[in-house]
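Reader: I would like to go through the labels used for this model and see what each one rests on. Please set the values against the criteria.

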Amino acid sequence: MGGEGGGQDNSFNFLQVLLEGSIAGGTAGVVVETALYPIDTIKTRLQAARGGSRIEWKGLYSGLAGNLAGVLPASAIFVGVYEPTKRKLLETLPENLSAVAHFTAGAIGGIAASLVRVPTEVVKQRMQTGQFKSAPNAVRLIVAKQGFKGLYAGYGSFLLRDLPFDAIQFCIYEQLRIGYKLVAKRELNDPENALIGAFAGAITGAITTPLDVMKTRLMVQGQGTQYSGVINCAQTILREEGPRAFLKGIEPRVLWIGIGGSIFFGVLEKTKSMLAERRKREAVKDE
């Protein structure tokens, strides 16, 4: 079920595409999050450390369980919304605008998933920097101190980083697959999907590092009023730490998202093809 050709056989079954996308997205999200969580923790601590302060190397899996509780629905919502939106746009737009379809579907999927992703990310980063010991405890205390909006700290900068990230990554990935298929004149195998996913992830990760640094600073500050917003945060970092600070954590980020892209897209395509096979078998049985 390689996305592109799928929309041509009569109008696709919206609910089926949504459900299969959700299952594939949730599976891929959980696998990649568990595998790469320690690198993410190191990256968060590097970015949160101001000046020359040392980072803590203990508790690299701190907050994983609570994070998975958010990653599973967020990844399921993202791909569940992305797949049918992509199909609909590919049916509607001319073929030479397929990149626009992928980019737009990625952005729409990102907005839908952000409602779950932002609170998850806020709790995760506070736990990674040692502010709380458990996820339920973190949620309770954040809401008690800052109200419900405390769970959406840095929402603007999260959208600023994650919307372009999702849209660019999925667009690069889908476009590379289309190009590769044209050259290879066949469907892609699992290692090829994983390799293209790694490439798309690494490029996108590098491009969006400055936005990631700002998002980390805004989310970690909590009630602190060191930065009043995205623009103020950018100006303060530039003034106090210089332009190089915007590339803090770029090496672990590119590594993490590159490997993450290969695992995520590899698992995603494998799960999608397994679900499609199962559907075909059931269709044959029913005839």
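Reader: How much area do domain 1 and domain 2 bury between them, and what makes it count as buried?

Author: In this predicted model, domain 1 and domain 2 bury about 2200 Å² between them, with 63% of it on carbon and sulfur atoms. The area counts as buried because it is accessible area that the two parts lose on being put together, summed over both.

Reader: Where does the chain divide into domain 1 and domain 2?

Author: Domain 1 covers 62–153 and domain 2 covers 154–272. Their C-alpha centres lie 14 Å apart.

Reader: How many residues of domain 1 and domain 2 are in contact, and what makes it a contact?

Author: On one side there are 27 residues of domain 1, and on the other 24 residues of domain 2. The criterion is heavy atoms within 4.5 Å, so these residues are called contacts on that basis.

Reader: Why is the pair Asp166 and Arg117 called a salt bridge?

Author: The closest N and O atoms of Asp166 and Arg117 are 3.0 Å apart. The limit is 4 Å between a side-chain nitrogen of Lys or Arg and a carboxyl oxygen of Asp or Glu, so the pair qualifies. The count between domain 1 and domain 2 is four salt bridges. Polar contacts between domain 1 and domain 2 number 10 residue pairs, both residues being at pLDDT 80 or more.

Reader: Which elements give two or more residues to the side of domain 1 that touches domain 2?

Author: These are α2 (64–92), α3 (98–128) and α4 (135–146). Helix α3 gives the largest share, 16 residues. By class, that side of domain 1 has 12 nonpolar, nine polar and six charged residues.

Reader: What makes Lys124 and Asp40 a salt bridge, and which parts does the pair tie together?

Author: Their side chains meet at 2.5 Å, N to O, and the limit is 4 Å, so the pair is a salt bridge. Lys124 lies in helix α3 and Asp40 in helix α1 (residues 14–48), so the pair ties together parts that are 84 residues apart in sequence. By this rule the count comes to 22 salt bridges.

Reader: How do you know whether the radius of gyration of the chain agrees with that of a compact globule?

Author: A compact globule with 287 residues would have a radius of gyration near 19 Å; the chain has 20 Å, which agrees. Along its principal axes the C-alpha trace spans about 65 × 35 × 30 Å.

Reader: How many helices and strands are in the chain?

Author: The chain has nine helices and zero strands.

Note on methods:
Residues numbered from 1 in each chain as written. Predicted model: local features only at pLDDT ≥ 70, side-chain atom pairs only at ≥ 80, totals over all residues. Heavy atoms only, no water. Domains from an automatic or database assignment. Buried area = accessible area lost by both parts, 1.4 Å probe. Polar contact = N/O pair within 3.5 Å; in protein donor to acceptor, adjacent residues only side chain to side chain. Helix = DSSP H or I, 4+ residues; strand = E, 2+ residues; numbered from the N terminus. Nonpolar A, V, L, I, M, F, W, Y, C, P; charged D, E, K, R; others polar. Rg over C-alpha atoms; globule rule 2.2 N^0.38 Å.
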